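The following exercises are intended for work with the sequence and the coordinates side by side. Each task sentence is followed by a solution in steps.

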Amino acid sequence: MPSEATPPFDLTDFGCPSLSGAATEQFSIQGVAPRVVLLPTTEEEVAAALKAASARQLTLAPYGGGTLQEIGYPPEVLDIVLSTRGLNRIITYEPADLTISVQAGCTLAQISAALAAHGQMLPFDAAGTDRATIGGLVAANLTGPRRFGTGSYRDLLIGVVIAYADGTVAKAGGQVVKNVSGYDLMKLHLGALGTLGVLLRLNFKVLTQRPVDITTVITGPLNALLSLAATLATSQLSLDSIELLGPSSLRDEATDWRLAERITGSQAGAQRKLTDLHRLADSHGCRTTTLGATEAQELWQDCASFISPGTASNEGVLIRISVQPSGLSNLVSTVTSLAHSNNLDCSVVAHAGDGTLFARLAGSDLTAAFRPLWESLTQGHANALILAAPGNLKGEVNLWGQLPSGFDLMRRIKAEFDPHRLLNRGRFIGHL
Amino acid sequence: MAIVTAPTAKAMGFTEIDAPPRSIIDRCVQCGFCLPTCPTYQLTFSEASSPRGRIHLLRAVSDGRLDLRAAVVREQMYQCLNCRACEAVCPSGVQYGQLVEPARAQIEQAHPRPLWQRMFRTFIFVRVFGDMRMFRLASGAIALYQHSGLRTLVRRTGMLKLLGLDKQDALLPEVPLRFVIPSGQRWQPQGSPHHHVGLFTGCIMSTAFAPTDEATARVLARNGCEVVAVPDQGCCGALALHAGEAGTGRENAKRNIVAFERLELDAIIVNAAGCGAALKEYRHLFHGDPEWSRRAERFSASVRDVSEFLDTLDLVPPGRLDRVVTYQEPCHLAHAQRITAAPRRLLAKIPGVRLVEMEESSLCCGSAGIYNVIRPEFSRRLLERKLKNALQTGADTIISANPGCIMQVASGLREQGKRVRVLHIVDLLDEAYRSV
Amino acid sequence: MLQVRGLLSTMVLEESKSVHNDLISQLQNIVGADSVVSHPAELLVYEYDASLDRHLPAAVVLPQTTQQVVEIVKLANRFDLPVVPRGSGTGLSGGAIAIKGGIVIVTTRMNHILSIDYANRRATVQPGVINADLTHYTEHAGFFYAPDPSSQKVCTIGGNVAENSGGPHCLSYGATTNHILDLELVLPTGDVIHTSGADGDQHGLDLTGTVVGSEGTFGIATEVTVRLTPLPEDTQVLLAIFRSVDEASNTVSAIIGAGIIPAALEMMDGLCCQAIEAAYHAGYPPDAGAVLLVELDGLREAVEELVDQVSTICRNHGAGEVRRARSAAERAALWAGRKGALGALGRLAPNYYIQDGVVPRTKLPETLQFVEQVSRDIRLPIANVFHAGDGNLHPNILFDRQDPTNIERTLRGGLEILRFCVEKGGVVSGEHGIGLEKREHIAFLYTTEDLAVMARLRDCFNPRQLFNPDKIFPPLRGCGEVRDQRVAARLAKEGIYAV
Ligand SMILES: Cc1cc2nc3c(=O)[nH]c(=O)nc-3n(C[C@H](O)[C@H](O)[C@H](O)COP(=O)(O)OP(=O)(O)OC[C@H]3O[C@@H](n4cnc5c(N)ncnc54)[C@H](O)[C@@H]3O)c2cc1C
């Protein structure tokens, strides 16, 4: 490691504040510390930094709040971490248009506060919202419980400005809620884990906060809950969230299976939903409780934490498996019985309306026990992903399970926009 | 033959007289709304077989880019059923029917048929359809053939199959031995008449469907109408017009106008949708002839389909009939005359009758005048589709309002050995009144 | 290269007839003789869509299976011929026009609904399935397919995917992209991929989202898995009648500003109301300055509240009358009028040229004022019928193509309107796509760098630019006006018509 005073390479033409030496430790990604951390404060500085890095073929990782850096493989090589936290301006916010344009380094909390002042919001469920940046959240596209009824990043992102690996800056989309002018590059960068470019600016359409926001928890036998979830998901109630909570999955340590619902709307609308929900739960032989505001907030915060890798690598493995909603019941029993037969502790949370299951697995000989489990899981399920795992395990398994049929195309896209694999080298699907 | 050429090259275009009006062609903005309603497009999913495609072909001929004699022009203009489903949905109001007939006439001119065909067509359109005496003679011969046992004999010998006429034979309706010969006869209502109406008896209606003509008169009389079968009327001319025989069609029209002008009538009632559509559009035949245009306009203004007319009356309640029916919309009622609700309202007024709607009720059954004879393959596929849709409803009776459809659907049912009945809507009403 | 040249005139096969014959016979081997159109006269009907341009393809194929599509695409590669996917040809930006000749692959015979799965709220269909049929076949079970372009009874799901089509109900339900779960895509190389796979979440890059809206330049969709949506319990439709466009557009801003997102919020000006009434007799007041058609849906109780709120906002902003459709039939009639509005304009003038710009919703009033001013400047009437809730304008310039000066003014008017939209923070197309028609206008919005990135993405899918060449990207950068004049001259000479 070079000494603190001398940067590992000449930084003059990077043209922005930087850190090197020990100070870079706190920007480690999965245990890999960068040689230099850049702290640009303008979009131009980001572009210039990328240009300089690419000129010298230095690898670079964009870095927001660091809350989701556990996702993906560890960087193969990491010369530079480019912190986006200096890009923290809300550029335009027009409440009457229900649109907002923000820089990538704004935290979700910062944006939410601005929106809340006008009774508006972005329905993104994330852990650590005071650290998590909007750029990082979009790059990870880890969607929470409200995706079911309110939509998520994919539904609300209407424009982007991107800095590409060679320093080119280009925009796509716009500030309007409907747009087919040119290709939808928002989708291209969504969930690309910053491997195709650095998000500089993001435009969203925003939602109005509903006057009523109720959370209910339903308990009953697992099968009854799953069948109730299926009924709710295809009903006209348009619930915001239908979340299946496994035993001991949340901090409240409840030991039975539960189904949590988020209900929003006008007074009359929400009341009607609540009444119907009670009736449907009763008919499935389940019990409904309505939570108080604080309890509710805690519950959803816990859900967000559960599905978010955070520091899971120290504790165990976090996986996500997606199936069609009707396959959820089978999936739950497959995962729990595989965990059981491999001597692993397992807790699960699932977006029941979407068919997305998250499981946390822990145990004494995690690495050895997890591998057979993962092997059989990925054989039966094309869409399984390890969101977090201890470093040694990550070296041994394919985090993305099976490669999709479009993988060649993904490789071509990566090669086009980042031919030298400078951005987040090796971290994405298939070690792109 | 040069087909796609610069406008300067020698592609044969339309002759000026009676060309498909450019103003109508130009109204088409190519939105494509007509595509899914077109029966031939539904069979082929090929753009050429769609109204939009056909209009474009006519445009190309009109622009001098496409030769009028090109095979595709002829094929498409005759593949078209002229059901006019496209017209009913066209937001721009393109009168497609006003393009097809002139186009066919132009093709006939540009592309003379062999002499024997021309003679045969003249015989059929001028002699048979042009002269009701001749028509009745021919129909009488068919009736005799059917009723005398001759048919059974002929069928047994397999002669028809040998001659390739078996399909045509199967299409023939059972022709009754008694015809309605319009000669001024009247049907009187009970009590004082509220309406004086003339019955357009038609050619096929008054012969093969004579009982339906009589039923029509009875139902009208039952509802306070004095009905007269106006003498000297003849075929409406639609068949000739559809076949591109404009002159013959015009002669037919004139004769009917003259016949009906003589009487003071509240309405001219027609029970064949195809004839009704033609009668209502006589004015288009006399462009550039103000005198006849005016007379045609007056005539057309008083023409009413029987359902349309009955729907405006305070109907005398019919008796009960326990039937499950489904309604097959005749194209020339639904699309050409835009009458869709009236027949359904009438059916709803018969106690005990339950209407189960079929899918694609307004898609042509493939009869379309003489289409089933000239395009048997398309016609058969449309018929099969119609039968499937109709039978799926579980109805015991299929209701229609046009002789062509009734014959077509009935022949299909016969072939499939189905016991479902096909009735004209007035036949059902008549039955209901008689059951009181 | 074998190519059909001559926009409107002589068809020239630049290479020998035998190459063409060879191509045709190989195509026939793949799909059968009755699914190949090769005779020039018969190709005429594939030279247009619902937009302005025209061009003849060299051949048209109507395959029925994915495998056939794959073989056709491979053949096109061997012959080095452009491939243009085509659905029903209702596109308003020229996307399905074979501007460089080549093979048009028509999907209208790939029209089977392959599976419907209510439990998982999805259906898998072939691309030639008609949009409205999906709803027709699922509503009995309480579901519908939400994106509803006005052309929904005609246009194909494949076309919708390519254009990312919108429609009145996209205001609250989202456009096509929000309802596509997976695509089977034949790439320009002939390889077949599934962009997502059957199961939920993104796995790798979001190829599905990237492909939707790519206007047939990334490949041809041969199977589409769509999301089905539960039908709302209650639906109410209001017709608010205003004296002026200004009042109506202020009302739109007020409704959105109040945080109410109706299921649909459409505006029609007086001119449109007249045309619609003539065509549909649906109950639109022909003497109004403008009307808003507002649909509210959801649970009964919530809808009642919204009806009250929206009615009040309308009245407070000058609505002389707010009518509520009393029955399903009345609702259907109002919608039939709205959805047929574009075609009905054919009754007002021989031609209309539709724009599809979008502005932020607060900019609607001033944009519509500008449109009125443009109308005065170019001395041609402009009829507005559009998705007001989204800020997606459709000013229709009414003109007569027989008059050459008309055409120049029409194009100028369109250009000015779109430029204004972009100046106000908007975009040049909200749902019809760029295609041929807006190739120059897209440069108002994006810089060369922006467009270069998009072109690079296209090249990943379509490296030889075999699929739908010459679309989306400006052929002559910065020469918009130049080309428009060329178009104008051509229109005048050849009698092409706009939309
Ligand atoms: C009267 C009228 C009203 C309209 N209203 C609306 C509206 O409200 N909202 C709206 O968004 N649009 C509207 N449109 C435009 C048009 O209907 C849509 O763009 C529609 O999606 C086109 O579908 P299509 O099947 O006709 O496609 P086409 O016009 O045949 O093709 C459109 C594009 O899609 C590509 N394509 C077609 N099939 C495939 C496939 N399987 N795979 C890949 N690419 C393919 C073609 O190459 C072309 O680029 C309207 C059009 C008309 C005429």
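**Exercise 1. A charged pair across two chains**

Which side chain of chain C meets Arg272(A) in a salt bridge?

Solution. The model is predicted: local features need pLDDT of at least 70, side-chain atom pairs count only at pLDDT 80 or more, and totals for chains, interfaces and linings use all residues. Residues are numbered from 1 along each chain as its sequence is written, chains are lettered from A and ligands numbered from 1 in the order in which they are written, and side-chain values use heavy atoms, with hydrogens and water left out.

Step 1. Apply the criterion: a salt bridge is a side-chain nitrogen of Lys or Arg within 4 Å of a carboxyl oxygen of Asp or Glu.
Step 2. The partner of Arg272(A) is Glu233(C), at 2.5 Å from N to O.
Step 3. Across the interface of chain C and chain A, the rule finds nine salt bridges.

**Exercise 2. The interface of chains A and C**

Solution. 
Step 1. Contact means heavy atoms within 4.5 Å. Of the two pairs of chains in contact, chains A and C share the most contacts; chain A and chain B do not touch, and their nearest C-alpha atoms are 20 Å apart.
Step 2. On chain C, 81 residues are in contact with 71 residues of chain A.
Step 3. The buried area (accessible area, 1.4 Å probe, that two parts lose on being put together, summed over both) is about 6,400 Å², and carbon and sulfur atoms give 54% of it. Asp201(C), His203(C) and Leu205(C) supply 13% of the area that chain C buries against chain A, more than any other three residues.
Step 4. Between chain C and chain A, 35 residue pairs are in polar contact, both at pLDDT 80 or more. A polar contact is a pair of N or O atoms within 3.5 Å; within protein, one must be able to donate a hydrogen and the other to accept it, and residues adjacent in sequence count only if both atoms are side-chain atoms.
Step 5. The largest share of the side of chain C that touches chain A, nine residues, comes from H16(C). Helices (H or I, at least four residues) and strands (E, at least two) are DSSP runs, numbered from the N terminus.

**Exercise 3. An aromatic pair in chain C**

Why is the pair of Tyr118(C) and Phe143(C) called stacked?

Solution. 
Step 1. Rings of Phe, Tyr and Trp (its six-membered ring) pair if their centres lie within 6.5 Å; planes under 30 degrees apart count as stacked, over 60 as edge-to-face and the rest as tilted. The whole structure holds 19 aromatic pairs over all chains.
Step 2. The ring centres of Tyr118(C) and Phe143(C) are 5.1 Å apart and the planes stand at 25 degrees, so the pair is stacked.
Step 3. The pair links distant parts of the chain, 25 residues apart: Tyr118(C) lies in the loop between strand E7 (113-117) and strand E8 (122-125), and Phe143(C) in strand E9 (residues 143-144).
Step 4. Buried means under 20% relative accessible area, exposed over 50%, partly exposed in between (1.4 Å probe, protein chains only). Tyr118(C) is partly exposed at 25%, whereas Phe143(C) is buried at 5%.

**Exercise 4. A backbone angle**

Where in chain A does Gln57(A) lie?

Solution. 
Step 1. Gln57(A) is in the loop between helix H1 (43-55) and strand E3 (60-63) of chain A.
Step 2. Gln57(A) has a positive phi of about 55 degrees although it is not a glycine.
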